[in-house]
Amino acid sequence: MADNFAIPTPVIRSKIGTRVIGGKLCLLNQNRAEGWICAGSSRRVWEKLQKNATIPEIAADFQAKYGISNEKATADIVRFVEHLWQRQIVDIPGREHITAEQRSAMVKQEPDNQSGKMFALATSANTLCKMWIDLLIPCNLRCRHCYLDFSHKDIMPYDKVIDIVDQLAAHGAAEIILTGGEIFMRKDLLDIIAHVESHGFLFDLYTNANYIDEPMADKLAKFAIQTVQISVYGTTAETHEAITKKAGTFDKSITAARLLTERGVRVRLACHVQHDNFEEVYKFPDFAKSIGAEYEFDTKLVPNRDGSMLPLGYGVTMAQQAELYKAKLIKQPKTDTLCTAAVTKGRISAAGDIYPCELINTATVGNLYRNTLAEIWASRWRTELRSQILGYKPHRCGGCGHSSDCVPCAAMRGFNLENHMEAPVSEACLLTTADLISRGKTIADNSPAGAAAKGCVEHLMAKNVGRMIKDALIQITAATG
């Protein structure tokens with residue numbers, strides 16, 4: 001098809017976002033939750049297509065600007081348009097008989113927002129790519145492991161939400177996650193969603209879904225939502241509601257999930273695994289699939305922001321964590337990743353504070369109620385904080401025999417927590433130990449976890465992780481939503 005110079009003028013589909021990251025055009029297909037980096041002169045071609053220019057007109061422009069032959073210009077433009085058509089970013093008149101499935105089959109590579117290429121480009125360009133926005137603190141539930149301090153009632157004002165979304169779009173950010181608190185407690189949520197969509201973002205909603213009924217599901221189905229993530233803590237009401245501490249919440253969440261999937265909305269059930277709902281984990285994948293939903297597990301816990309250590313007592317044991325790795329239900333730690341905190345991702349609190357990532361809540365990059373995003377991202381403080389995060393190495397890491405096995409994540413190593421440099425063990429140690437055990441590896445005596453085990457790994461593995469933290473043997477630092 002690329003050699004057919006008689007290709008009709010393409011028609012740009014609706015719900016296609018445009019970003020420029022590091023000087024490169026990035027197209028965001030909201031309909032398919034895909035992001036694509038376009039190299040070379042594609043940015044100029046796209047700008048012309050947005051103005052309804054024909055391919056011969058664009059070719060003539062290229063011939064005049066770059067001094068290339070009309071034939072070469074046309075061939076390059078047609079090749080780019082073909083790529084756009086295959087990725088269902090544009091339609092070409094006369095090809096209506098070719099199905100979406102057939103077009104998808106022509107694309108051999110993974111979308112750049114899923115392969116990590118878009119994050120890599122954003123990192124090199126010092127540009128935000130993904131932002132979590134806490135729209136409010138209030139919630140209708142009081143899940144026993146929640147880290148939120150509900151004595152605070154912060155609700156981000158609507159005009160601030162709109163301004164922040166506008167700033168993120170101008171900055172070049174591609175993805176937004178709307179979270180809380182319970183976001184559906186906001187009466188203006190649909191207006192916020194509409195604004196996010198109109199600015200071309202790929203976006204997710206995080207919720208317990210207790211406020212999603214049929215009319216709301218109908219409204220949500222009209223948006224190009226990437227995923228609605230629903231917190232579900234088991235396959236039965238008894239298990240789920242022992243965690244949410246409120247009767248009737250399981251049926252509401254599951255009913256909402258069904259309503260959404262029936263309307264073609266992508267749903268992910270997020271299950272926080274704890275020591276007493278662990279056995280239901282193995283039933284959960286089939287349970288989610290029976291609803292038409294995807295699923296995801298997490299085991300991380302943090303103290304409540306009011307200082308209470310109570311949530312930590314619900315954690316899985318080391319042995320359970322290792323079993324989750326072995327069963328491939330939770331991804332094993334990656335040691336070759338570059339932390340992107342305070343550069344390509346962050347989290348904005350309902351009070352306007354920007355945290356370096358979705359996990360670190362002990363340091364802020366700045367506050368959007370006092371400064372603009374452009375000012376904060378250009379600030380020396382952000383650069384210095386980024387350097388601190390990249391170079392973070394607590395004292396316990398110095399002589400550890402598992403440094404090469406440990407995930408290089410400052411959040412999991414306890415960045416900026418009280419006594420973080422001196423703490424004997426961190427979550428990174430914990431997860432690394434469970435990972436090594438799951439792969440049949442020996443735990444080094446000179447590692448923090450090995451020292452805590454005192455020669456008896458079985459004893460360590462049987463421990464409830466949260467209680468170990470509570471007893472000040474281990475700090476866990478990553479946040480859950």
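**Close-up 1. Cysteines without disulfides.** The count of disulfides is zero, a disulfide being a pair of cysteine sulfur atoms within 2.5 Å. C146 takes part in none; its nearest cysteine sulfur belongs to C143 and is 6.5 Å away. C146 is buried at 19% relative accessible area. Here, buried means under 20% relative accessible area, exposed means over 50%, and partly exposed lies in between (1.4 Å probe, protein chains only).

The model is predicted: local features need pLDDT of at least 70, side-chain atom pairs count only at pLDDT 80 or more, and totals for chains, interfaces and linings use all residues. Residues are numbered from 1 along each chain as its sequence is written, and side-chain values use heavy atoms, with hydrogens and water left out.

**Close-up 2. The E197–K15 salt bridge.** The structure holds 23 salt bridges. A salt bridge is a side-chain nitrogen of Lys or Arg within 4 Å of a carboxyl oxygen of Asp or Glu. One of them pairs E197 with K15, with the closest N and O atoms 3.6 Å apart. E197 sits in helix α8 (residues 189–198) and K15 in the loop between β1 (11–12) and β2 (16–21), so the bridge ties together parts that are 182 residues apart in sequence. Helices (H or I, at least four residues) and strands (E, at least two) are DSSP runs, numbered from the N terminus. E197 is buried at 13% relative accessible area. K15 is partly exposed at 28%.

**Close-up 3. The R32–E34 salt bridge.** R32 pairs with E34, and their closest N and O atoms are 3.4 Å apart. R32 is partly exposed, with a relative accessible area of 31%. E34 is buried, at 10% relative accessibility.

Close-up 4. In the salt bridge between R263 and D218, the closest N and O atoms are 2.5 Å apart. R263 lies in the loop between α11 and β10 (267–272), and D218 lies in helix α9 (residues 214–220), so this pair joins parts that are 45 residues apart in sequence. R263 is partly exposed at 24% relative accessible area. D218 is partly exposed at 38%. Salt bridges link E214, D218, E262 and R263 in a network.

**Close-up 5. A positive surface patch.** R142, K153, K245, K246 and K252 form this patch. Patches are made of residues with over 30% relative accessible area and no salt bridge; like charges are joined within 9 Å, and nonpolar side chains (Val, Leu, Ile, Met, Phe, Trp, Tyr) within 5 Å. Accessible areas come from the Shrake-Rupley method with a 1.4 Å probe. Lys and Arg count as positive, and the place of a charge is taken as NZ of Lys or CZ of Arg. K245 is found in the loop between α10 (237–244) and α11 (249–262). K245 counts as exposed because its relative accessibility is 57%.

**Close-up 6. L148 in its loop.** L148 lies in the loop between β6 (130–134) and α7 (158–171). L148 is buried, at 8% relative accessible area. L148 and C129 are 19 residues apart in sequence and 25 Å apart in space, C-alpha to C-alpha.
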